[in-house]
Each structure stands twice: as structure tokens, then as C-alpha cells.
Amino acid sequence: METERITYNDRISRWFIGASVTWGIVGMLVGVIVALQLAFWQSNLPPYLSFGRLRPLHTNAVIFAFVGNMLFAGVYYSTQRLLKARLASDKLSWIHFWGWQSIIVSAAITLPLGITQSKEYAELEWPIDIAIALVWVVFAVNFFWTLARRREKQLYVAIWFYIATLIAIAVLHIVNALAIPVGPLQSYSVFGGVQDALVQWWYGHNAVAFFLTTPILGIMYYFLPKAADRPVFSYRLSIIHFWALVFLYIWAGPHHLLYTALPDWAQTLGMVFSVMLWAPSWGGMINGLFTLRGAWDRLRTDPVLKFFAAAITFYGMATFEGPLLSIKSVSGLAHYTDWIIGHVHAGALGWNGFMAAGMFYWMVPRLFGTKLHSQKSANTHFYLATFGILLYVVSMWVAGVTQGLMWRAQTEDGGLMYPNFLETVLALKPMYWTRLVGGTLYFVGFVMMAWNLYKTARSGAPVDEEVEVPAATLQDAASSQPHTPWHKLVFGAPVVLTLVVGGMLSTLAFVNEMASTFIVVMAFGVALLGSIALQLTRKSDRPTWHALLEGRALVFTVLTVGAVLIGGVAEIVPMVVTGSRDLKVTKNKPYSPLELQGRDVYVAEGCYTCHSQMIRPFVWETARYGKVSSADDSIFDHPFQWGSKRTGPDLAREGGLRSDLWHYRHLVDPREVSAGSIMPDYAHLERHTFKFSGIEAKVRVMRSLGVPYSVKQVQQAPRDAEAQAILIATGLKKEANVEVPADSKMVAVIAYLQRLGRLPTPQSDPGATNENTVKEVN
């Protein structure tokens, strides 16, 4: 066989590693700052460096800057070696690199400025969303082009996970980012209310699945055997792990919305598939840990294996806790609490962070042709980071359980034992300080790693590996080799079995609880018996269906697309259809132009990071906040504002409970009216103004999204907003001699807060109380 010598493009991996470490320091430093802001409110520096604006910056920096650059480095490095082909295009690689860094810089600028869509893990505005899509396409073209030019016919398991990542993230991002621009840096989501909530958490949950999990699993399947010098424990288990994970994950998003206004059928689907995820997730963990068989003795001295073993253990812990939290009874206690924060960080820092550290410590010496500068420093980093993350997670577990129990605690006569929400906040202060200590220790360990990698790189010189590979690509040799017809793969027995089981499970949306239990049991039985039948009928002298599939990259990709899309289509399409119907029968009324402006201020300040707007059907919640929230309450919210964390109380029925003056004082100095509050002050809203003329464009876009504004209301929006603003400003002046400009953001956000959970009557006075001027939303 003729061969040729090629040089891998390892330079791009070196640059992505440098970017990952740099942005990791930035993202974790911001994380330490926001942890300090919760423990010590005086550390907020509004408007740009307050918790509400920095928290999205922290999550985006850690997820997309740190982990994103890390996975690109790992994918590019391993893909070339697994396919025995240099990256198809160096130019596309560099467009990918600089495009991604530009996106991160844009996020670092816009988020502290309050330019956000408020959608968790998808806060960036529409121009940046377009850039993300374009850069991702560049990444995909480079990857699949390299795949087409490969010299290795069979696709290794890591490549499977990379293919799923590329497809799923593209679909998730494009659907969730659909929005209509209001201006150069503002847009409104095309989805509203309950539909937007489902789409957002379909995206949010699966961003974790396909950005923080599947590509890192691919990296695990490549780098762990390399570091341990052992083969993957079980090829069959890797097949089950991949297909079960890819198929099941996409259905699980609704478990973030249990006990909300989301329809019960969607909640049930989310819960059932989340619990089912436990099996393939632990299958992957077992496959990873058992790959270390025969190498456990090296964990005492090898920091790379230490980090990989701990990362896989954290993966197992997080994927046990996730299904546990998706069970309704557990979610009822844990949702909106710090328990969820602990769970997320166990995954992001324990799984992703430790996998990154192990990969960096293994790759950098090889990329620079030298040895790791300090094994001792790397081992110290491991113990420091492990202690730090455990301190962090345990403190958040304690805080979360404390919150959940205090919120629901009742006296003997049925009243709330802790009616003042601040009592729960003050009880958590020690845990917030403990979290800060744990996070700081993890950060210090990360900085030690950065120093160690820098010294390692300086002691060597960049090395691009050269290898001998077959001269002909698979495309060149394809015409001389027989192929299994594609339809025998696409409609093979495993695919048919999967469709039958999936069809049975899809009927859960249309049956009662008892019938759904029966269907789940039947589906499990069909899957089990079908799997046994496939095994018994397989001929040992022929390659398996999956072995044939691994040699057909296009067919493999098409089946992966199907596995990824089916869950999203089954959940989202029915919700979008019913959403159009709900708009025709709603009893709700659109926001006034000034209230819409105030809502934008609420979003820009990041209030959604600490306040929910969703009252669940629990006695203790209705006693504290009022009537249970319905889908109709938020039908005109583009995007929805249900929230995912209650550092402060729920605001779904806040309108009219307090006077305009109370809200003004609370925003200027929260401690004046709520002693012990950890909320930052928003006095700057009194000085910052907006233009009434700009509101017309916002109302016009809302009308195009189906919100029932008339043409006349659109045209009169600036005048109506100004009239309501003058009414509020005049009321503050009359009541307490407070001078507030009518065009201040303070007035707008007060108007919005006074609207939450109530409908205006024709004679409504925006500053009056609930009893005199409003009626509850039905």
C-alpha cells in the first residue's frame, strides 16, 4: 500500500488551549466576584458590575469560553489522529478560532452593559447569535470535510459524539435564537410565555447535554485510553451509551419546568426521559472508570489520571443527581433553590473542569515536545480543586435543602413559619461564605495550572506531529469496494426497534397516569425482548449492523440527526400549535407601552437571575405569593420571565401589593424598606433615561408576534407611555416630594412591577393599590 507523510495541524489546538485557559481564569474570577456579591452585598458596583449583569457573564465565560475552547482543542487534536487526516482547511480553522474569540469578547462587552435576551445560557443578542451560527457552520464544514477525506474507514466512538454535538448544537441554537430585532442590539423572541419556556429549557438542558457532555465524552473516549495506555473497557457499552444518550437527552428539557404552567403531558415526558437517562449516563461512567483497570496504581503519581478519574466520578455524581432532581417530589423541594446551583457546578467544574485539566496536562507537553514543568504543582492543583469543589457543592446542598424546608415550613394552625422571605436569605449567609471559600480554592488551583502550562510551553518548542498514512483517501478507494446498501442500514432492525419503542413512549402525552405506567413497562419489555432477538439472530461470520454503520459516515450522520430531532419535534410542535390557539382566547391584556419599556429595564438589570415569576401549586407558595400562575399570565411575555432561582421572592403577583413610593425606595436603597436584604441598589435608574419615541418600534414588533395591539395603539405608544410616566412621577412628587424624571428608567420599571399579576381597568391609576383598581388575571 502506498503511503504519504502528513503533518497534523496542532498549532490550532495550541491556540485553543491558550484561549481556554485565559478565558477560564476570567470566567472563574467573575464567578468568585458574584459569589462574594451574594455573601457581601456591598461588593456590587452598579450599574455595570452588579450581580444581575455579571452572573450571565460568568456562565457564558465558563461554558462557551472556557469549555468551548477546550473542546475545540480536543476535537481538532483527536479528530486528525482518529481519521488519519490533516484538518481539511487551515483557513477555516483560523476563521473558527478568531470568530469564536470575537463572540466571547462581544459577550464580555454587551452583558455588563445590560444588552441581553434574558434566556439562560442564550443571553446574547441577535447579531451575536448570527455570528455564533456562522462560526459553528465553519467548524462543521471543516470537521465534515476532514471526515470525507479520512484514511480510516471505521469511525471511532469519539467521532460519534463529535458528530452528535455538531448537529444538535446547530439545531438547538437556531431554534432557540429565533427572534425579531427591535434595534441593532435588541430583539424579542418569536416564542412567548409557556411556548418560550419549553423552547428555552429544551435548549438550556440540551446545551448542557450537547455542549458540556457529548463532546467531553468524546474527549474522554480518546484521551483516557491514551493516558492510561489501556483500551476502552467495552465497545458494546460505548454503542449503548452513545445512542441511548443522544436519543433520550433531547426529551428531558421539561424537567426544569415541573409544577409550572407547562402542560402536564410535557412535564411527564421530561420527567420520564430524565429518569431513563440515568442508565446510559452511568454506562458511560462505568466504561470510563473500568478503562482504568490495570492502571489504578498510577493514580498515586500521575496527575493526568487523577483528574480524569475524578472527572468521570463527578460525571457519575451529576448524572445521578440530575434524574433525581427531575422526580416531581424532589423538584418541588429543590427547584429555585441553591441545590440546583450546586448541581450545575458539580458538572461544570467537577466534570468539565477536571476533564479540561487532565487533557491540558497530557496535551501541552506533547504539543511542545517536552515534559510537564511540575508534577508536584499539578498534584497540588488536583487536591486544592477537589477540596474546593466539594466545599462548594456541599455548602449549596445544605443551603438548598434549608431554603426548600424553610419556604414550606408551616405552623400548627397552617400559617407560614417564616412569612418574611428575608428570614431564609439571612439563614443562608454562612453557606454563601463557605461557597466563596470553596470557589476561591478552585480558582487558585486553576491559576496554578495556568502557570504550570506556561512554564511547560516555555521549556519546549511547538511540535506538529508527522505520520505516515495511506496515500489514497476513502473517497478514492470507494469505487473499488462493495458497500452495504444505505437503506439496509437506515431501516435496519435496530432502527425499527427504536421507532417502535419511541412510538409507544410518545403516546404518554395522550393517556392517564395508570395507562402511562403500563405503556412504560410495555415499552421496556419490547426493548428488552427485541434486543435479545437481535442478539440471537446475529450471524457471527458477518460484521454487525453497527460495524457496517461505522464505516458509512453519511448514513451514521443521518441517523444521528433523526435521533436528535425526534424528541424536539414531538415536544415543541404541539406547544407551538396550541400557543396560536391560546392567543385567540386569552383573557389577558398586553402591557402598556411604558410597562413594556419597564420590562426591558427589568431584563437589562438581570432581575430574572434572582426573581421568579411562577407560583407553583403548593399551599406554602399560594400563602406567600398568591394564586397559582397559569399559562395565560405570561402569554404576552417575549421572552418568558419564569426564572430558575429565587434569591429574592417571586414577583408573579407583585402588582399593586405595594405603593409606587415603596418600590422607589426599595430600588434606591433596598435596606431602607427590607432590613438585611442582599439586593444591590438601583439608584442609577433614577439618573438613566430612555426615549419615549423608541417605544413605538417595540410595540410594533410585539404586534408582529401576535400580541393584540391595534395600529392606533402602536402609533400612540410614545404618547401613552409619556402620559403614564408623568402620572407616576407626579404621584411620587405628591406623596413624598420625590423628584424623579418621567423619562427615567426608574419610572418605567415601577410601572412594570405594578402590572405583574393583574389586569388594568379603564380607570386604572398606576400607583393605586390592588383592591381599588385591579382585578386578578383569571
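The structure is a predicted model, in which local features need pLDDT of at least 70 and side-chain atom pairs count only at pLDDT 80 or more, while totals for chains, interfaces and linings use all residues. Residues are numbered from 1 along each chain as its sequence is written, and side-chain values use heavy atoms, with hydrogens and water left out.

Helix α2 (residues 51-83) packs against helix α3 (residues 90-110) at an angle of about 170 degrees, their axes lying 10 Å apart; helices here are DSSP runs of H or I with at least four residues, numbered from the N terminus, and axes are lines fitted to C-alpha atoms over the stretch in contact, with angles from 0 to 180 degrees between N-to-C directions. The two helices, α2 and α3, are therefore roughly antiparallel to each other, a term for angles over 145 degrees. In α2, residues including F64, F72 and Y76 meet residues of α3 that include W100 and I104, where contact means heavy atoms within 4.5 Å.

Elsewhere, F233, V275, W278, W282, I286, F290, F320 and I327 make a nonpolar surface patch of about 620 Å². Helix α10 (residues 278-291) gives the most to this nonpolar patch, with four residues, whereas F320 is placed in helix α11 (residues 303-325).

In the backbone, a cis peptide bond with omega of about 5 degrees joins P46 and P47, and P47 sits in the loop between α1 (11-39) and α2.

Notes: Parallel < 35°, antiparallel > 145°, perpendicular 65-115°, else oblique. Patch = residues over 30% accessible without salt bridge, like charges linked within 9 Å, V, L, I, M, F, W, Y side chains within 5 Å. Areas by Shrake-Rupley, 256 points an atom, 1.4 Å probe, with all protein chains shown as cover. Salt bridge = Lys/Arg side-chain N within 4 Å of Asp/Glu carboxyl O.
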